[in-house]
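Q: I'm new to this one. Can you walk me through a few spots?

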Amino acid sequence: MINPYNYLQDYVGKTITYEEFCEITKEPILEKGSKTAQLKILNNFMNIIPSYGKITITNIYDEKELLFLEHRAKFTEYIEDLLILHLSKDNTHKVTMTYSEMAKYFYMVNNTYYETKNNKRWEYINNIPTKSTTYYTKEDSENDKYRDIGIFFNVTDKIIKEIVNNALKSLKQRSLILYSDTFKLYKMEYNETLKKYIQKEYICNEHQRSIFLDIRKKTMKEYGIKKLQDIIYLSKEIRTDYFKVLSDRLKDCDELYNCPIYANAWNIEYGENGIKHEAKRILSQNKKLVNSNMQYKLLTTKELECMNQALRERFVEDLILCLIHKQFIE
């Protein structure tokens, strides 16, 4: 499959006005909803970031990526099926799940992915042998490891969020669920009985959600951040400082249980009959298909092309690959 927009390769990494973008893509200049729909269609052929009347082209998909995108609807269906299986085992008619919980429950990553990302990143990196040649020094190898692990986690998290969002939207359109965004809050507390620290988890209600958003909005304003997407473009020092200030403010807020850590989450409500009916037709072998697709995406995406290929394959094997036995729903 040939990408009809391959001629835009020279524009990758550049930011141009929406009008200039329409001129080079031979698209009409549209407004509001029509413009959004237009850019959504073009996103099937390239990765573009619209912002305040400008367009940044970050990637023109190659043949392998187009093939993956062609099967994205099937990938979304796998995730939908696994979410239905999960809900069918619950009797409360409402669950709250974070992106990381869904990624683990639905076999998009393995059990070591988030532990490595959040707690043992440098320990993991230091256990990977450093290789050197005449033209590739030990220092170069070390720098690549520390740089590439960050790129790997950023791109993987982006893919996970996109897949989960698509699955939730699809299930809502099929009238199987209703969902709304919220936050989970976390803090460590010492347990006298167990004689160790344990993680406490809280789900925000509407009032707490509003308080959290006010705190985050105030912090973003102080750092000149207009949209959440802009945070990734801050320098490492400013980004680290922003998250520290936000964490400190959350920790000082009694109404948020003084929790310094948070995660984006979804409240998912569902009716029992529809979910049970759908669950009967789903085979849990889809778990294997989801993980295989995730591996393929990460091994072929151009967003990770800047990484050392051997490191990329190592990260996928260690942090994504799940060993799943075939299981079936009775």
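Q: Is Asp 81 buried or exposed?
A: Asp 81 is buried. Its relative accessible area is 4%, and buried means under 20%. Keep in mind that this is a predicted model.

Q: Which helix does Asp 81 lie in?
A: Asp 81 lies in helix α4.

Q: And how far apart are the C-alpha atoms of Asp 81 and Asp 144?
A: They are separated by 38 Å. Along the chain, Asp 81 and Asp 144 are 63 residues apart.

Q: What comes between α4 and β4?
A: A loop, and His 93 is found in it. Helix α4 covers 72–88, and β4 covers 94–98.

Q: How exposed is His 93?
A: His 93 is partly exposed, because its relative accessible area is 33%, between the cut-offs of 20% and 50%.

Q: Which other residue has a positive phi?
A: Tyr 107 has one, near 60°, and this residue is not glycine either. Tyr 107 sits in the loop between α5 (99–105) and α6 (113–118). With a relative accessible area of 25%, Tyr 107 is partly exposed.

Q: New topic: surface patches. Which residues make the nonpolar one?
A: Met 188, Tyr 190 and Tyr 197 make a nonpolar surface patch of about 360 Å².

Q: Where does Tyr 190 lie?
A: In strand β5, which runs over residues 177–191. Tyr 190 counts as partly exposed because its relative accessibility is 40%.

Q: Now helix packing. At what angle do α1 and α2 pack?
A: About 50°, with their axes 13 Å apart. Helix α1 spans residues 18–25, and helix α2 spans residues 32–42. So α1 is oblique to α2.

Q: Is that crossing left-handed or right-handed?
A: Left-handed: that is how α1 passes α2.

Q: What about α8 and α13?
A: Their axes come within 10 Å and cross at roughly 55°. The angle makes α8 oblique to α13, because it falls between the cut-offs of 35 and 65 degrees. Helix α8 takes in residues 138–173, and helix α13 takes in residues 309–319.

Q: Left-handed or right-handed there?
A: Helix α8 passes α13 in a right-handed crossing. For α1 and α2, the crossing is left-handed.

Definitions and conventions. Residues are numbered from 1 along each chain as its sequence is written. This is a predicted model: local features need pLDDT of at least 70, side-chain atom pairs count only at pLDDT 80 or more; totals for chains, interfaces and linings use all residues. Side-chain values use heavy atoms; hydrogens and water are left out. Patches are made of residues with over 30% relative accessible area and no salt bridge: like charges are joined within 9 Å, nonpolar side chains (Val, Leu, Ile, Met, Phe, Trp, Tyr) within 5 Å. Accessible areas come from the Shrake-Rupley method with a 1.4 Å probe; for residues, only the protein chains shown count as cover. A salt bridge is a side-chain nitrogen of Lys or Arg within 4 Å of a carboxyl oxygen of Asp or Glu. Helices (H or I, at least four residues) and strands (E, at least two) are DSSP runs, numbered from the N terminus. Buried means under 20% relative accessible area, exposed over 50%, partly exposed in between (1.4 Å probe, protein chains only). Axes are lines fitted to C-alpha atoms, for helices over the stretch in contact, and angles run from 0 to 180 degrees between N-to-C directions. Angles under 35 degrees count as roughly parallel, over 145 as roughly antiparallel, 65 to 115 as roughly perpendicular and the rest as oblique. A crossing is left-handed if the near helix is turned anticlockwise from the far one by less than a right angle, and right-handed if clockwise.
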